[in-house]
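Hi everyone, thanks for coming.

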Amino acid sequence: MVQKYDSPVRIYKYPFELVVAAYERRFPTCPQMPIVLDCEIIEDNLYDKGARRDTKRRCKIAVEAPYLIKKIIGVDVVFFIQKNFLDMKTRTLNIEATNESFATRVEIFEKCRYYAHPENPDWTCFDQTATLDIKNFFGIEHSMEKMGMKQYTQTTLKGKEIIEYFVNELKQEGITHVERWVDEEMENSTTAAVTNVTPPEKPPLLRDNSILDADYIAKYLGQLTPLQESKLIQLRKRFEHGTSEHPEPDYQTLLRFLRARDFSIDKATGMLQESLQWRKEHRIDDILGEYKTPAVVEKYFPGGWHHHDKDGRPLYILRLGTMDVKGLLKSVGEDELLKLTLHICEEGLKLMKEATKLFGKPIWNWCLLVDLDGLSMRHLWRPGVKALLRIIETVEKNYPETMGRVLIVRAPRVFPVLWTIVSTFIDENTRSKFLFFGGPDCMHAEDGIEQYIDTDKIPSFLGGSCNTLIHEGGLVPKHLYKSESIEENNGAIHAHDHHGLYKAVDLKPGQLFELLIRNTDPKSVLTWDFEVLKNDTLFAVYHTEKELEQSGNDDFSSVFDLPDLKEGTNYKKIEQSVKCRPKEGVQGSHEMASTGTYVLQWMCPPSCDGPAQLMYFHEILSSANYKGSMTSLQSGFSSNSLQSR
């Protein structure tokens with residue numbers, strides 16, 4: 001059984017030479033990794049006038065395993081061979097590690113790489129992969145596989161901390177800079193020195209100040225019509241005099257804002273100016289270097305970057321169904337969750353540029369895969385939804401056209417309720433990029449996610465073979481809560497929160513209110529969300545194949561009160577009546593399997609001592625973007641909003 005592990009690229013805000021000096025201090029032992037008992041150098045060779053160094057070490061590792069497993073295998077330590085290939089000229093350090101102990105039973109191969117950031121020479125990147133092939137191991141292969149996964153994950157998470165620790169140690173000793181390697185002979189030769197300098201990337205050329213260089217367009221922007229190219233240049237001229245406070249936006253940024261405003265130069269200018277001011281006020285340009293992930297987020301936030309989709313877009317996975325929205329919000333607060341999202345967005349911009357160079361084609365958006373397995377009414381906790389709407393609004397304004405595709409997988413029955421609430425706040429163009437997979441087998445189903453993600457990159461929790469280091473989420477312990485000030489009962493989202501999205505209705509005792517929905521799209525989904533503010537209200541859903549007209553001025557009669565209509569023959573109740581009490585909310589959805597007229601009906605019971613009041617909203621979700629089984633999206637009623645607020 002072969003297991004493969006990949007870690008996302010990490011960024012150190014230090015030059016490569018300083019990171020290498022910190023890395024060397026990990027040997028022969030370091031306090032952060034007590035399982036490494038010793039590392040003995042068995043080969044050490046210098047080449048190319050000291051520019052290259054190959055080092056081979058034999059490392060003794062303590063076995064982290066239960067006593068019974070240690071008893072079975074008969075050892076307390078194992079040995080690994082580690083090979084380092086350092087090239088100071090190209091500023092790369094490649095590391096390979098293989099197990100020496102039990103090599104005929106288990107094959108472990110780990111490969112790590114430190115290298116200078118391709119766009120910022122004062123930063124260093126790090127990536128890491130490993131494979132574990134357990135052929136036979138005393139009949140405890142499964143246990144060893146789990147232990148290997150656990151140990152690799154823990155080691156990976158500690159790796160960045162270790163480098164940071166030794167960098168700080170160097171700083172305490174007064175070492176804040178390590179000179180880059182230079183060839184002395186070349187340094188003395190002006191010609192050679194000039195030759196050794198990597199020329200900067202050729203900027204886009206403007207012929208007659210009106211045409212972009214065609215090669216630049218093909219490599220970095222993609223196909224543009226002459227009119228679009230002209231508008232891009234005109235927009236660039238409006239921002240060409242950048243300052244230290246407002247740097248001149250690159251062409252990719254200008255193009256994203258133009259696309260977001262249908263290539264209207266004036267609208268794109270206003271949107272971009274507001275965004276640049278926002279970036280200045282909130283110091284967004286510094287967020288990648290300054291942001292420190294809170295410990296609660298590190299442990300309980302179930303999201304992370306994971307390879308690329310088939311189009312080369314960076315892929316971000318969010319296991320929303322296992323996220324404790326309330327716990328995270330009460331532990332770190334709404335502002336911190338927004339800052340986390342902005343950090344992810346900034347990482348996305350950086351990864352898109354790297355992918356453009358990696359794949360040799362323009363990649364200016366990323367792919368989001370949202371796993372909803374485990375989603376329930378607790379995710380509709382109103383302060384959490386309110387925070388989500390704020391995040392969506394901020395991202396829509398400042399990161400337009402960065403979302404290339406959104407894959408919603410394992411969508412449960414409660415999902416349409418959440419979608420009803422948030423979808424209205426998502427730009428229509430962005431909404432068109434959502435694809436929904438309702439069935440449990442989202443990988444192999446017809447038109448499944450294998451169309452969009454390579455099979456060997458599909459995460460194991462979706463049935464694929466690729467393991468990820470993305471946390472599974474889980475409940476945040478209450479002792480980590482920092483704030484109890486988020487009052488659940490005061491967190492209701494009323495009409496003002498939805499910018500007029502919800503409508504108000506007053507019903508006298510015995511009075512009806514009916515919404516008629518004509519459906520021409522079989523298998524579309526009708527969703528609703530309403531809250532009773534005063535007095536009891538009865539709610540039901542009906543269907544008829546006839547085309548009905550809204551009733552006249554008689555608010556005490558139904559559209560079904562016509563003499564030629566009979567329940568069970570001409571129309572039927574498809575969702576049974578539910579009595580909703582004051583301060584209760586009801587969310588639900590129904591797959592409209594056939595065409596005809598669907599009727600949402602509310603009634604104030606005649607026995608009420610006063611009028612009923614309610615706020616309501618409904619939406620029809622098109623069947624065009626849904627994949628897989630829609631039955632998993634059906635839901636009944638939830639009168640439990642008091643628990644989910």
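Before we start, one cut-off to keep in mind: a residue counts as buried under 20% relative accessible area, as exposed over 50%, and as partly exposed in between. Please also remember that this is a predicted model.

As background, most residues other than glycine have a negative phi, and most peptide bonds are trans.

Lys 49 is not a glycine either, yet its phi is about 60°. Look for Lys 49 in the loop between β2 and β3, where β3 covers residues 52-62. Its relative accessible area is 56%, so Lys 49 is exposed.

Now for the peptide bonds. Which bond is cis? The one from Phe 27 to Pro 28, with omega near 0°. Pro 28 sits in the loop that runs between α1, residues 16-24, and β2, residues 36-47.

Seven of its nine residues are buried, so α1 is largely enclosed by the rest of the structure. The buried ones are Phe 16, Glu 17, Leu 18, Val 19, Val 20, Ala 22 and Tyr 23.

Next, please turn to a pair of helices. The axes of α8, residues 251-260, and α9, residues 265-282, come within 8 Å of each other and cross at roughly 120°. That angle makes α8 and α9 oblique to each other, and their crossing is right-handed. Who meets whom? On the α8 side we have Thr 253, Leu 254, Phe 257, Leu 258 and Ala 260, and on the α9 side Ile 265, Ala 268, Met 271, Leu 272 and Ser 275. Sorted by class, this contact has eight nonpolar residues, two polar ones and no charged ones.

One last stop, still in α9: Thr 269. With a relative accessible area of 8%, Thr 269 is buried. Leaving aside residues up to four places away in sequence, Thr 269 touches Leu 235, Arg 238 and Phe 239.

How values were computed
Residues numbered from 1 in each chain as written. Predicted model: local features only at pLDDT ≥ 70, side-chain atom pairs only at ≥ 80, totals over all residues. Heavy atoms only, no water. Helix = DSSP H or I, 4+ residues; strand = E, 2+ residues; numbered from the N terminus. Buried < 20%, exposed > 50% of the residue type's maximum accessible area, 1.4 Å probe, protein only. Axes fitted to C-alpha atoms, helices over the stretch in contact; angles between N-to-C directions. Parallel < 35°, antiparallel > 145°, perpendicular 65-115°, else oblique. Left-handed = near helix turned anticlockwise from the far one by under 90°. Contact = heavy atoms within 4.5 Å. Nonpolar A, V, L, I, M, F, W, Y, C, P; charged D, E, K, R; others polar.
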